[in-house]
Amino acid sequence: MKNTNKTEILKEKLKQALNSTARAISDELINKSDQNDINENKKLDFFNLENLNSKSDFIKARADSDSLALKKKFSNDKIFRKNSPSNLSCKSLYSIAEKIRYELLGCKMLKGIETNLLRNYNQNIQSKRKGQIKTKEDIPISEAFELYMLKKFYGIKLNTITNEIL
């Protein structure tokens with residue numbers, strides 16, 4: 001019982017820290033005066049820490065938090081939707097390109113964000129398994145495009161499997 005309480009307290013503290021960091025990155029702390037901004041602020045409370053059981057889960061939570069905050073800071077949903085292609089495949093690639101764009105802006109802004117995102121992307125690349133790829137059709141174009149963008153803009157080194165995907 002005591003260990004469960006300690007775990008719950010740690011998860012709650014982590015959630016608060018991630019939310020505070022996300023609000024600071026996205027400038028939500030500055031813009032709180034308007035009621036709409038307060039309602040938007042609540043949208044940052046997205047963390048499900050019940051599944052936080054390993055270091056890799058923690059790395060992913062930090063990267064997801066940073067990415068969401070950067071999206072709020074550097075992406076305009078109205079403009080994004082206005083320019084979004086109608087083709088579903090193109091829409092997926094457009095979303096990936098936009099995500100990489102606002103994350104790169106954040107990486108230039110704060111070194112810690114860059115570290116969190118790079119750790120998460122490297123972790124994702126290392127988790128790819130050889131058995132997942134049998135034919136060219138097994139690889140979604142969006143996955144190959146994201147790997148291309150990561151290699152090109154982040155300078156991430158791809159492993160044998162991800163090079164094969166690309």
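R81 and D77 form a salt bridge, with the closest N and O atoms 2.8 Å apart, where the term asks for a side-chain nitrogen of Lys or Arg within 4 Å of a carboxyl oxygen of Asp or Glu. R81 is exposed, at a relative accessible area of 55%, whereas D77 is partly exposed at 44%; buried stands for under 20% relative accessible area, exposed for over 50%, and partly exposed for what lies in between, using a 1.4 Å probe and protein chains only.

Before I go on, a word on what we are looking at. This is a predicted model, in which local features need pLDDT of at least 70 and side-chain atom pairs count only at pLDDT 80 or more, while totals for chains, interfaces and linings use all residues. Residues are numbered from 1 along each chain as its sequence is written, and side-chain values use heavy atoms, with hydrogens and water left out.

Back to the charged pairs: how many salt bridges does a search of the whole structure find? The search finds 6, and among them is the one in which the side chains of D27 and K73 meet at 2.3 Å, N to O. D27 lies in the loop between α1 (2-25) and α2 (35-42), and K73 belongs to helix α3, residues 55-74, so this pair ties together parts that are 46 residues apart in sequence. On accessibility, D27 counts as partly exposed at 23%, and K73 is partly exposed as well, at 26%.

Helix α3 also holds K60 and D64, which are 4 residues apart and thus separated by about one helical turn. K60 and D64 form a salt bridge, their closest N and O atoms being 2.8 Å apart. K60 is partly exposed with a relative accessible area of 42%, and D64 is likewise partly exposed, at 29%.

Let me turn to the aromatic residues. A pair of aromatic rings is described by the distance of the centres and the angle of the planes. The structure holds 2 aromatic pairs, counted when rings of Phe, Tyr and Trp (its six-membered ring) have centres within 6.5 Å, with planes under 30 degrees apart called stacked, over 60 edge-to-face, and the rest tilted. In F80 and Y94 the ring centres are 4.7 Å apart and the planes stand at 25°, so this pair is stacked. Because F80 lies in helix α4 and Y94 in helix α5 (residues 88-109), the pair ties together parts that are 14 residues apart in sequence. F80 is buried at 18%, while Y94 is partly exposed at 23%.

Y121 and Y154 form a tilted pair, 5.6 Å from centre to centre and with 50° between the planes. Y121 is in helix α6 (residues 111-126) and Y154 in helix α7 (residues 141-154), and the pair links distant parts of the chain, 33 residues apart. Both Y121 and Y154 are buried.

Lastly, the cysteines. With a disulfide taken as a pair of cysteine sulfur atoms within 2.5 Å, the count comes to 0 disulfides. C90 is partly exposed, with a relative accessible area of 38%, and C107 counts as buried at 10%.

Key: Helices (H or I, at least four residues) and strands (E, at least two) are DSSP runs, numbered from the N terminus.
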